[in-house]
Amino acid sequence: MGRVYNFSAGPAMLPEEVLQQAAEDMMDYRGSGQSVMEMSHRSAEFKTIIETAEQDLRDLLDIPDNYKVLFMQGGGNQQFAAVPLNLMKNGVADYILTGQWSKKAAKEAEKYGKVNIIASSADKTFSYIPDCSDLPVSEDADYVYICENNTIYGTKYKTLPNTKGKELVSDVSSCFLSEKHDVTKYGVLWGGVQKNVGPAGCAIVIIREDLIREDVMPFTPIIMNYKITADNNSLYNTPPCYTIYICGLVFQWLKKMGGLDEMKRRNEEKAAILYDFLDNSKMFHGTVEPECRSLMNVPFVTGDKDLDAKFVKEAAANGLINLKGHRTVGGMRASIYNAMPKAGVEALVAFMKKFEEENS
């Protein structure tokens, strides 16, 4: 079949250039006589890989010197626990619910302290982002937590919440590096890398140094302790070496493409092609309030479950794969991350037009 256009929400498409470089390096990484998969994480070669990856990420996001970059195992679900374990000083945190992942994060945090839900869009099936300009932020909250881009529901914060002086913690997994983030507006921003940055197996945590504490909860596993991870430059234990190496290649690719301002321009262009079609189609409809739409994840439906299933099946036969919506919501979803070329979105829209003509 050859390469397909993979619209999966994660693990997701990677840039072809990155895959080609990884293939070249597979048997013999730059004359070392070994693969990165076989390499000691204590070796000089891997030290260069992880340090270069961190510096390239710092360059892309203009990360200030008083923020640490941590490469951690376990992905998103581990961070749902790591955040409260490391940051709950008063044992209180405020969460804003805009979908499945912020709900799961809040539920996990409840094991370690008091969680206040200070805003939610559950009343309309998470199809919008609530107004966060004047929230009932708790006086004793250690932080305010959001999931910035909601992979399942296709919504994105266009303005960060007014946290009234409390630290903002943001899960940026599915919009990470799709555009610039002003890192100084966050206490912590973190993302699982398997959506927009690399293969599964790693979460990147960017945390302001003064939030890295000795006095974390006494039962915090060593592997989830931000201070131990930071003090050991993410090498306390064997990190997900190969995932970090691929992320590093993606960071270099992003720089080569022109950085995050250029990625935002491309992502807006791609999303506009798909949303313009959905807004004018008689068969397909978007499910998100237009002002809250994500550039990365675009859910849509026909309103007929059988037709949805037929569409997903025929699309796959035409090299457009993983368009089925998340099991909790049904319908379809196109994830159009950085690595999805414009041609992939154009191919999807052309197929949707054809499908609409044949099935109306």
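Biologist: Before anything else, what is a disulfide here?
Modeller: A disulfide is a pair of cysteine sulfur atoms within 2.5 Å. This is a predicted model, in which local features need pLDDT of at least 70 and side-chain atom pairs count only at pLDDT 80 or more, while totals for chains, interfaces and linings use all residues. Residues are numbered from 1 along each chain as its sequence is written, and side-chain values use heavy atoms, with hydrogens and water left out.

Biologist: How many disulfides does the structure hold?
Modeller: The structure holds zero disulfides.

Biologist: Is Cys 175 buried or exposed?
Modeller: Cys 175 is buried, at 1% relative accessibility. Buried means under 20% relative accessible area, exposed means over 50%, and partly exposed lies in between (1.4 Å probe, protein chains only). Cys 292 also counts as buried, at 7%.

Biologist: Changing topic, which peptide bond is cis?
Modeller: The bond from Gly 10 to Pro 11 is cis, with omega near -10°. Pro 11 lies in the loop between β1 (5-6) and α1 (16-25). Helices (H or I, at least four residues) and strands (E, at least two) are DSSP runs, numbered from the N terminus.

Biologist: What is phi at Phe 126, and where is that residue?
Modeller: Phi of Phe 126 is near 55°, a positive value in a residue other than glycine. Phe 126 sits in the loop between β4 (114-120) and β5 (143-147), and it is buried at 6% relative accessibility.

Biologist: What about Lys 164?
Modeller: Lys 164 has a positive phi too, near 50°. Its loop runs between β7 (155-156) and β8 (167-171). Lys 164 is partly exposed, with a relative accessible area of 43%.

Biologist: Now α3, where does that helix bend?
Modeller: α3 bends by about 25° at Ala 81, and Pro 84 follows within four residues. The bend at a residue is the angle between axes fitted to the seven residues ending there and the seven starting there.

Biologist: How many residues of α3 are buried?
Modeller: 12 of its 13 residues are buried, so the helix is mostly covered. Among them are Phe 80, Ala 81 and Pro 84.
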